[in-house]
Structures are given as C-alpha cells and as structure tokens.
Amino acid sequence: MDLTYGEEYEHYRDEVRSFLREHWKWSAANPPPPEQAATFRELAIERGYVYRDIPRQWGGSEQPPDPLRDDILRAEFFTAGAPMGAGGIGPVMVVPTLLEEGTEEQKAEFIPPSLDGRMRWCQGYSEPGSGSDLASLTSRADIDGDEWVINGHKIWTTGAHEANFMFGLFRTEPHQTRHAGISYLLIPMHQEGIEARPLRQMTGHIDFNEVFFSDARTPVRYTVGKRGEGWRVSRTTLKHERNLIGDPRRLQNSFRELVELARRRTVDGRPALEDPSFRQRLAELEGHVLAQQYSGYRQLTANVRGEQIKTLMPTLMNKLYTTEVTKTLTRVAYDLLEAEGALVEPDPTAHFIGQMARGRTDAETWTMQYMYSHGTAIAGGAPNIQRNIIGERALGLPRDIRLEG
C-alpha cells in the first residue's frame with residue numbers, strides 16, 4: 001500500500017502551507033475581524049484554494065477537478081485552523097444544490113452572497129411530527145398568482161433567528177403520496193408571517209429554533225427544481241450535509257485530544273493513560289478511528305481513479321460511523337472527569353466542538369462536547385434511519401415495514 005501523494009502533490013502541499021503561514025495569523029478559536037477574514041478568503045479564492053468547484057462568474061475559483069489537491073487543501077486548512085469559506089451552511093449545502101438543480105437566475109441571485117457571507121441560511125426540514133420521517137411533513141405552500149403562500153411549523157431549525165433565507169420542504173400537492181407533491185423552496189426570513197422562536201439546549205446554547213409560518217410568502221421563481229420534485233432535490237442537499245458531518249479529520253483530532261486528556265487526568269493516583277481498563281477503552285477507540293481513516297484512504301483512491309464504491313455508500317457510512325464513534329469518544333472523556341463533569345453549568349457563550357476551547361477547563365470542554373455529540377448524531381438523519389438505508393440499498397436486506405399514504 002502506497003500512501004504517498006507523489007512529488008507533484010507534495011510540492012503543492014508545501015505551496016499551500018507557505019500560503020497559510022504568510023496569510024493566516026489566527027486560529028479557529030481566535031478568528032480574525034470580518035474585514036480581514038474577507039481579505040484572506042479573496043486571496044485563497046484567487047490562488048484556487050477555496051470554492052474550487054464553483055465557476056468564477058458566481059464567485060468561485062473554477063479549478064479543474066482534482067481529488068488529491070482537494071484532500072491536501074482540506075487537511076492543511078484544517079491543521080492551520082483556517083476556514084475554507086465564509087462559514088455557515090450556505091456554501092456547503094445551498095450552493096452545491098443550486099449548482100446541480102437551480103436556474104441561472106437563482107445561481108446569480110443566491111450563490112455570490114452565500115459565498116461571501118452576506119446571505120445566511122437555515123434549513124427548514126424537520127417538523128414536530130416529522131423528524132426522522134421527513135416525508136410525512138405537513139407544512140404547506142399554496143399558489144397565489146406568482147407567489148407561494150406558506151403555512152406550517154418547522155422545528156430544530158439551526159440558526160433561524162439569525163438567517164436571511166431558509167431552504168426548505170413544503171407540501172404543494174397535498175393529495176399526492178408522501179414523497180410526491182413536496183417542493184423545495186427558498187424563503188426570505190425577514191417578513192411578516194414568519195416567527196423564529198429560539199430553543200435553548202442543555203449546553204446553554206441557542207442554535208435551534210421553532211419557526212412558525214402564517215401566510216408567509218415567497219416568489220414561485222424561488223422553487224428549486226420542478227414543482228412537486230422537492231424530495232429528489234433535497235437528496236442533493238442532504239448528501240452534502242452528511243459529507244460535512246462525516247469528516248474523519250475531526251474524529252482523529254478529537255482522539256488526539258482525548259489521549260492528551262488521559263495524560264493529565266489520574267485514576268487511582270496514576271495517569272489515566274497507565275490504567276489498564278482505560279487503556280483498553282482507548283485501544284478500542286483507536287481501532288475505530290483508524291478504520292475510519294483507512295476507509296477514507298480507500299474512498300480517496302477510488303475517487304482519484306474515477307471509480308464509485310456503490311456498495312459501501314460512503315456518504316452514509318462516514319456520517320453514521322463518525323458520529324457514533326464521537327459519542328463513544330466523548331463519553332470516555334466525560335467518565336474521566338468524574339464528579340467535575342456533573343458540576344459544569346451550561347454556558348451559552350462557549351463554543352467547544354472540534355477543538356479544545358481556549359481558556360476553558362477540561363471539564364467544561366469535554367462535558368459540552370459530550371452533550372453536543374448526541375445532537376450531531378441526529379443531524380443529517382438519525383442513526384436508525386442511516387442503518388435502514390444502508391441495510392436496504394447497499395446490503396439488499398428486506399425493507400422495513402412502512403405505511404405509505
């Protein structure tokens with residue numbers, strides 16, 4: 001097995017590292033002011049490092065496809081703590097969907113401000129009675145001239161209280177079967193008829209919201225794809241969301257941080273890293289982390305060769321595996337905290353996920369990560385839904401019992 005990238009690509013890696021050393025002076029925990037972040041992003045786009053697959057006319061760098069360069073960029077930017085864009089879900093979920101399914105007018109109106117951060121998005125999928133069973137959604141949109149009139153109720157809507165626009169699914173043909181008659185709409189959030197009510201989580205943060213629609217409106221031209229084909233369009237968005245959640249580098253980084261925690265904490269008067277029972281748990285975790293890492297190598301190799309690993313359904317497997325192992329990993333860390341973890345109070349100002357938080361104690365950092373890991377496992381499709389899809393579509397197992405209507 002040859003895990004090297006070759007001379008050409010290692011030279012490219014050196015080039016990327018040099019760029020980051022020169023132009024990125026901050027970290028994920030200590031981000032730059034907005035104007036300096038914008039300057040860095042523009043330089044990275046100019047060099048072809050950011051928004052590589054997006055045409056220049058929409059604000060991207062329009063580079064030819066190259067899986068190895070993409071992988072090097074993700075690795076080096078992650079290591080440096082540098083962002084590969086403006087942040088938020090717009091560039092990683094909305095923009096790819098519009099590139100595949102949107103009209104030219106939609107691309108021109110929505111892609112550039114999404115890439116530079118002027119337009120913030122939220123996702124209107126889940127409803128109080130339609131979480132994992134998304135196809136049973138009841139929020140509806142009715143035609144009134146050249147506008148949709150929207151009524152209903154969404155929940156677990158991340159960032160809705162700060163978003164300019166929502167992309168969401170709404171039932172437009174109520175007499176059709178569950179998966180038919182749903183349309184994918186883009187909706188301006190700042191209007192009468194839309195109310196976002198923040199939901200406070202057990203971490204103390206306010207990320208999620210309930211969103212109520214009462215005769216809210218959006219133009220018919222903001223329908224992505226054909227009317228009634230929203231379920232198909234939503235699969236495109238969900239694919240990119242799962243790719244975002246299933247990034248194995250975050251899992252590897254968390255494991256390294258757990259090992260460092262074990263060096264600092266003690267069990268029966270000695271470092272936890274020397275305790276046999278803890279070492280066993282750590283060894284099992286490392287096996288899972290390495291399995292994910294080498295699965296990533298296999299997927300990258302197939303991508304470079306232009307092959308598809310259809311039977312493994314990589315997107316679903318990556319998302320499911322990463323989030324489930326993360327729950328286990330953060331639980332091991334939480335156990336090491338003993339009573340300290342139970343004494344941590346919710347802190348709405350703290351952001352811990354994916355990195356050790358500057359100025360925070362071990363107990364604060366890992367307790368928050370442990371609590372947050374349960375929500376991340378549900379995002380993009382709960383584990384039981386992922387297992388059903390993998391079992392049925394990849395392994396050919398009998399379909400689960402469903403009530404179609």
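**Figure legends: overall fold and two close-up views**

**View 1. The whole chain.** The chain holds 12 helices and 10 strands. Its radius of gyration is 22 Å, close to the 22 Å that the globule rule gives for 405 residues, so the chain is as compact as a globular protein of that length. The model is predicted. The C-alpha trace spans about 70 × 50 × 45 Å along its principal axes. Of the 405 residues, 46% are buried. Among contacts with a separation of 6 or more, 70% join residues 24 or more positions apart. The chain exposes about 20,800 Å², and carbon and sulfur atoms supply 51% of that area.

View 2. K154 belongs to strand β3, which covers residues 147-154. K154 counts as buried because its relative accessible area is 0%, under the 20% cut-off. Its side chain reaches two backbone oxygens: that of L169 at 2.7 Å and that of G124 at 3.4 Å. Leaving aside neighbours within four places in sequence, K154 also contacts other residues, including Y125, S126, E127, L137 and S139. Further contacts of K154 include F170, N209, E210, V211 and F213.

View 3. L3 lies in the segment before α1, the helix of residues 7-23. L3 counts as partly exposed because its relative accessibility is 39%, between the cut-offs of 20% and 50%.

How values were computed: Residues are numbered from 1 along each chain as its sequence is written. This is a predicted model: local features need pLDDT of at least 70, side-chain atom pairs count only at pLDDT 80 or more; totals for chains, interfaces and linings use all residues. Side-chain values use heavy atoms; hydrogens and water are left out. Helices (H or I, at least four residues) and strands (E, at least two) are DSSP runs, numbered from the N terminus. Buried means under 20% relative accessible area, exposed over 50%, partly exposed in between (1.4 Å probe, protein chains only). The radius of gyration is taken over C-alpha atoms; the globule rule is 2.2 Å times the number of residues to the power 0.38. Contact means heavy atoms within 4.5 Å. Accessible areas come from the Shrake-Rupley method with a 1.4 Å probe; for residues, only the protein chains shown count as cover. A polar contact is a pair of N or O atoms within 3.5 Å; within protein, one must be able to donate a hydrogen and the other to accept it, and residues adjacent in sequence count only if both atoms are side-chain atoms.
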